[in-house]
Amino acid sequence: MGHGFGELAKVRGIVTHKISSYEQKAFAGWWTKAIPNTLRRIRSQIFIVTPPFIMGYLIYNYVEDLHVKINRKNPADYENDS
């Protein structure tokens, strides 16, 4: 069992080819493919992701306003203080 994970069994008839990471172009086609793809993904998901954030903001804002209103002192309680 002294083999590594990729060498546990011999498979015959399958040939794999690899290119060195030093020979690859890391940012090949970045400007022409990545930016349009990112915009396409944003457009396809915007109506799925945005409504929960809007609802969360509206609920948070309502609860914060309600908290301020509940914790406000009533001036009528202090009319007779000297």
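Visitor: Where is the place of K33 in this chain?

Guide: Helices (H or I, at least four residues) and strands (E, at least two) are DSSP runs, numbered from the N terminus. K33 lies in helix α1. This is a predicted model, in which local features need pLDDT of at least 70 and side-chain atom pairs count only at pLDDT 80 or more, while totals for chains, interfaces and linings use all residues. Residues are numbered from 1 along each chain as its sequence is written, and side-chain values use heavy atoms, with hydrogens and water left out.

Visitor: How many helices and strands does the chain have?

Guide: There is one helix and there are zero strands. Helix α1 covers residues 30-70, and R43 is in it.

Visitor: Is K33 buried or exposed?

Guide: Buried means under 20% relative accessible area, exposed over 50%, and partly exposed in between (1.4 Å probe, protein chains only). K33 has 61% relative accessibility, so it counts as exposed. R43, at 62%, is exposed too. Of the 82 residues of the chain, 0% count as buried.

Visitor: What radius of gyration does the chain have?

Guide: The radius is taken over C-alpha atoms, and the globule rule is 2.2 Å times the number of residues to the power 0.38. The chain has 31 Å, whereas a compact globule of 82 residues would have a value near 12 Å. Along its principal axes, the C-alpha trace spans about 95 × 45 × 25 Å.

Visitor: How is a pair of aromatic rings described?

Guide: By the distance of the centres and the angle of the planes. Rings of Phe, Tyr and Trp (its six-membered ring) pair if their centres lie within 6.5 Å; planes under 30 degrees apart count as stacked, over 60 as edge-to-face and the rest as tilted. The structure holds one aromatic pair. The ring centres of W30 and W31 are 5.6 Å apart and their planes are at 45°, so the pair is tilted.

Visitor: Which accessibility class does W30 fall in, partly exposed or exposed?

Guide: W30 is partly exposed, with a relative accessible area of 43%. W31 has 61% relative accessibility and counts as exposed.
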